[in-house]
Amino acid sequence: MAIYLKKGKPEADRANDDAKTREVVETILADIQNRGDDAVRELSEKFDKYSPICFKLSDVEIEELMSKVSERELADIKFAQEQVRNFAQAQRDSMLDIEVETMPGVILGHKNIPVQSVGCYIPGGKFPMVASAHMSVLTASVAGVPRIIAATPPFKGKPNPAVIAAMKLGGAHEIYVMGGIQAIGAMAIGTQSIAPVDMIVGPGNAFVAEAKRQLYGRVGIDLFAGPTETMVVADETVDAELCATDLLGQAEHGYNSPSILVTTSQELAENTLLEIDRILDILPTADTARVSWEDYGEVIVCDSYDEVLSIANDIASEHVQIMTDRDDWFLEHMHSYGALFLGPRTNVANGDKVIGTNHTLPTKKAGRYTGGLWVGKFLKTHSYQRIETDEAAALIGEYGSRLCMLEGFVGHAEQCNLRVRRYGGKNVAYGTAAA
C-alpha cells in the first residue's frame, strides 16, 4: 500500500480557488464582449500597467525589437524552431488525405483542412516564454493555417524582444502585446480593431485557462492547459539530487504547480526530501518554487512497480519523467499523461524548450482523454462522398430508403426513393420504403 511522505493541498481548497477564478473571468469576458477595445485597454492598464497607442506591433516595431536580440540568442531560437518544425512536419506528413471505392461506383474520402484563423497565446508576464511561440505559432504554420495571430503580455512594462522574435520567426501574421484574460477574450470574441479567430491555443495561468474553458464552443481550443504539473517516477537506479532538481525545475513555474515523486524506494524518497530543502536554500527562484512545493508537492512510496503504474496513470500528470530499471515497461503500460520523458538523460526542461516535441500539454487529469498540442490540432478532417454510377445510386438508395423508414424519417426516405426512381427505374410509392 502506498505511503505518502508528503501531501499537497486538499482538493477542496483547490476547488475554492477555481470558483473564484471562474467568477473573475466571467465578468471580464462579458466586459470585453460589451465594450471591445475600451475594455481591453482598461484591463491592460490595470493588470499590466501598459497602454500603447496600438496593441498590434507594426513591421517597423517588430524589426526594431528583433534587432535587440543578440546573434547567439537568435541562433538558439532558430535551432529550437528547427527541431520543432522537423517533428511537426513529420507529424503532418503522417496525416494523409484518403479516397477509396468502398463498392463499385461509391467513392468515400476525407481531406485534412487547416483551421482558417488561430490565436496563439504566449505567456510572459513573469517569465518571457520564448519557447511557447515555437510550440503554437510555428506548429500552426506547419499545419498551413492562413491567419495566425499571436499575443503576449508586456515583460517589465514593454514587449520582450526575444519573444517577439520567436513569434515572427515562427510565422505569426499579426503580433499583439497584451496578456491574460484580455488577450484571450480579444482574440476569441473580437473587438473593433481585432477580427476574431476560430481557435485559441497556448498555455497560461489559471485565469487564461479558465478564459479558454469559458470560450470553448464559441471558438475551438487546443486543450485545458492549467498550471504546470510534473511527476518523477524513480527507483534506486537514480539519486536524490536528480529527482529533487527535476521536481523543483517545474515548481518554479508558479505558486500552484504540482510536483510529485512516486518511487519504490523509501531511501530515495527520504533523501529527495532532504535534497529539496538544500536546493531551495540556493535556488534563485525559490520564492515561487518553495510555495508551490509546500502547497502542492507530494512524495509517494509504493510497494511495487504495478502500484507505481496505477498511481501514475490515475494522477495523469502533464509531464512524467521515468527513471527506473524498466523505462520501456512504463512506456508500454502508461496510458494517461501529457508527455513521457524516458531515462535519466532526458528531462522536462529540454522538452519545454528545444528537443522538438510540443510543450503545450494536458493538465488536471485531461491526459485521460486527450494528448497535447500538435500539428493535427490545427487540422480538421472532413469527409466527402460521391456516387458515380446509376447502379450504385439505386442500390444504396434502396437500403437507405428502408433504413430511414425504419426510424420514421419519411422525408429522409424520399431523398433515397427519388434516386431509386430516377437511376434504378423502379416505381416506389411516395412515402413508402423501397422494396
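Helices (H or I, at least four residues) and strands (E, at least two) are DSSP runs, numbered from the N terminus, and Gln250 is found in one of them, helix α9 (residues 240–251). The model is a predicted one, in which local features need pLDDT of at least 70 and side-chain atom pairs count only at pLDDT 80 or more, while totals for chains, interfaces and linings use all residues. Residues are numbered from 1 along each chain as its sequence is written, and side-chain values use heavy atoms, with hydrogens and water left out.

UniProt, in an unreviewed entry, gives Glu318 and His319 as "active site"; its positions follow the numbering used here, feature names are shortened, and annotations may be inferred rather than shown by experiment. Glu318 sits in the loop between α12 (305–315) and β12 (319–323), whereas His319 belongs to strand β12. Buried means under 20% relative accessible area, exposed over 50%, and partly exposed in between (1.4 Å probe, protein chains only), so Glu318 at 5% counts as buried, and His319 is buried at 1%.

Contact means heavy atoms within 4.5 Å, and, leaving aside residues up to four places away in sequence, Glu318 touches residues including Glu229 and His359, while the residues that His319 touches include Gln250 and Asp352.

The unreviewed UniProt entry also lists Gln250, His253, Asp352 and His412 under "binding site"; they are spread over 163 residues of sequence and, in space, up to 56.2 Å between C-alpha atoms.
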